[in-house]
Amino acid sequence: MSNWLGGTLTATNTQYKLEQKIIKSSPDFVVRGETFTLNIDGYQGIHAVNWISNADITVVSGQGTATARYLVSNSALGSVTAEANIGSLKLTKTIPVQYRYLAGVSSYTYGLTSPVILAGGSLNRPTWTYDSSLFDLIQEMNPQPNVWGLLLRSKYNGSTTTTISVSQDGVILSKVITLTPATKSLIIEDTPIFKNVRIYNIYGVKVYEEKNTVNFNIENINLNRGIYFFESTDNEGNIVREKVMKNK
């Protein structure tokens, strides 16, 4: 090569550099209280990787290598930022945070139907565990991405507590449920008279309440189209709960 370059060919300290960046495999979010893995794409191995912990995420393994495992704090909100220093090079990556939790009612009355909801999880179908001697499964639900649920009816006409659990991505969450007997006959008519009406969304959050209403129709209130859970109490204290669909 000296014929073209001139002089004597000598080695230099020039190196071919690939772009190095932090990457995360699917899903593209993290979950409170859970761990996740990051990698350095294009890592050259010239310097050890110094992964940085902060208030939202803590390095639990992989320090000094191109692959690190982080734990997300239970108070992380919005997003978390991972940082890695490789020599004088600083790399960062910001990742959205989701909060995987069990929602829905915590008590069931004999003969009535209510939901238990897993929200903020992944797209992977979860596995539910419950006592089939206490509940009838009405429907398994996936009303929107990252939200799963069970619609259960109590068939135990007594007082007790039980636990409903869900497993997703190796994470298990549990919810203690109270069962109570029916003290009065449930009255379900085409045009009942209700004292109070409450509407809950799929997360179990109350989004509407009306008192002393007659012949209530969910289509007449200002809620978005979708699935809701309807609860009403008449003048005699009889409670009716059911899943309803708002179409307009």
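Analyst: In this predicted model, the largest nonpolar core has 21 residues. Those with the most contacts inside this core are Phe 36, Leu 38, Ile 40, Trp 51 and Tyr 70. At least two core residues come from each of β3, β4 (49-52), β5 (57-61), β6, β7 (79-86) and β8 (89-98). The most is given by β7, with 4 residues. A second core of 14 residues is separate, and includes Tyr 108, Leu 134, Phe 135 and Trp 148.

Two or more lining residues come from each of β2 (30-31), β3 (35-41) and β6 (67-72). The largest share, 3 residues, belongs to β3. By type, the lining holds 7 nonpolar, 6 polar and 5 charged residues. The space in this pocket is about 250 Å³.

As for the second core, its member Tyr 108 falls within the range of β10 (107-109). This strand belongs to an open sheet of 4 strands with mixed pairing, in the order β10-β16-β15-β12. Both β10 and β12 (127-129) are edge strands with a single partner strand each, so one side of each has no neighbour in the sheet. On average, neighbouring strands here are turned by 25° against each other, direction ignored. The partner of β10 is β16 (residues 171-180); the two run parallel and are joined by 3 bridges. Opposite Ser 107 stands Thr 178 in β16.

How values were computed: Residues are numbered from 1 along each chain as its sequence is written. This is a predicted model: local features need pLDDT of at least 70, side-chain atom pairs count only at pLDDT 80 or more; totals for chains, interfaces and linings use all residues. Side-chain values use heavy atoms; hydrogens and water are left out. On a 1 Å grid over the protein atoms alone, a cavity is a set of points where a 1.4 Å probe fits but cannot get out, and a pocket is an open set with protein on both sides within 12 Å along at least five of seven lines; lining residues have an atom within 4 Å of a point. Grid points are joined across faces, edges and corners, and a volume is the space filled by probe spheres set on the points. Ala, Val, Leu, Ile, Met, Phe, Trp, Tyr, Cys and Pro count as nonpolar, Asp, Glu, Lys and Arg as charged, and the others, Gly among them, as polar. A nonpolar core is a set of buried Ala, Val, Leu, Ile, Met, Phe, Trp, Tyr and Cys residues joined through side-chain atoms within 4.5 Å. Buried means under 20% relative accessible area, exposed over 50%, partly exposed in between (1.4 Å probe, protein chains only). Two strands pair if DSSP finds at least two bridges between them. Axes are lines fitted to C-alpha atoms, for helices over the stretch in contact, and angles run from 0 to 180 degrees between N-to-C directions.
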